[in-house]
Amino acid sequence: MAVHTKALVTMEEICDLEMRIDALAADNDRLIQLWEEMDLNHNAELSFSEVLTFMSRHHPILAEKHLLRHAFLASADDEDKSGCKIVKPEHFRLFLINVFRSAKLAPHFVEGTEATETAMEELRDLEMQFDALCADNNRLIELWIKMDLNQNGELGFTEVTRYMTKNHMILGNVPVLREAFQKAVDMDEDRGCNVVKPAHFRAFLGHIFRSAENYIKVSCLPGRASTDSHKQQAI
């Protein structure tokens, strides 16, 4: 059985901190002060290393690296000059919200089975939305277009990961997506790599949910620490 290297944090502790941050976010002066404390080099943008440093010092229950990375990528719509993702001031509130959404669904942060039940509830709700979408060809085509970032008529693994991480973090776990990707793929003969073609798009979405369900069940077993976090947004 795996041994936890840090004390488990209860959902009550996470919610208590969330209430304090919510109150802060409603006060522009305090929100600006928090931004300035996190923006260590005072360049008017937050890097992942700045976020991780601040949370480790001041809110260690939110300092899980993989949890923060998922929340950060879901909120970072901009890049710096070197091409690294950053959070700008206008996305700061969204970033704080995403941090707590992730924390609530991170199984190794919460005692007992509450995390499993919460994650499964989020997953079922999102699956119902996707089922309704798959029954509507126009909406399914719209989703395909959003995911096919380079508009080449096929989905690569990077495109799928980038979309899910940003929009549906509960489905943005790399092992989950890789397992689903391997079950519903075609071959791009020119590049010699696996891709998802339009004909297999519905099947691929179904494989994602089956993989996510299995991952949540396994990662929430007693003594098993998951290193990934989850979030779901409305489609």
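Start with everything selected and coloured by burial. Of the 235 residues in this chain, 46% are buried. Keep in mind as you look around that this is a predicted model.

Next, go to the cartoon view. You'll find 10 helices and four strands in the chain. Walk along from the N terminus and the elements come in the order α-α-α-α-β-β-α-α-α-α-α-β-β-α.

Want to see how the chain meets itself? Show the contacts between residues at least 6 apart in sequence: 62% of them join residues at least 24 apart.

Time to zoom in. Select helix 3, residues 48-58. Which residues of helix 3 are buried? They are Phe48, Glu50, Val51, Phe54 and Met55. Turn the view to look down the helix axis, and you'll see why they belong together: these residues cover an arc of only 160° around the axis, so they sit on the same side of helix 3.

Select Cys84: is it buried or partly exposed? Cys84 counts as partly exposed, because its relative accessibility is 42%. Then pick Cys134, which has a relative accessibility of 16% and therefore counts as buried; the cut-off for buried is under 20%.

Notes:
Residues numbered from 1 in each chain as written. Predicted model: local features only at pLDDT ≥ 70, side-chain atom pairs only at ≥ 80, totals over all residues. Heavy atoms only, no water. Helix = DSSP H or I, 4+ residues; strand = E, 2+ residues; numbered from the N terminus. Buried < 20%, exposed > 50% of the residue type's maximum accessible area, 1.4 Å probe, protein only. Contact = heavy atoms within 4.5 Å. Arc of directions from axis to C-beta.
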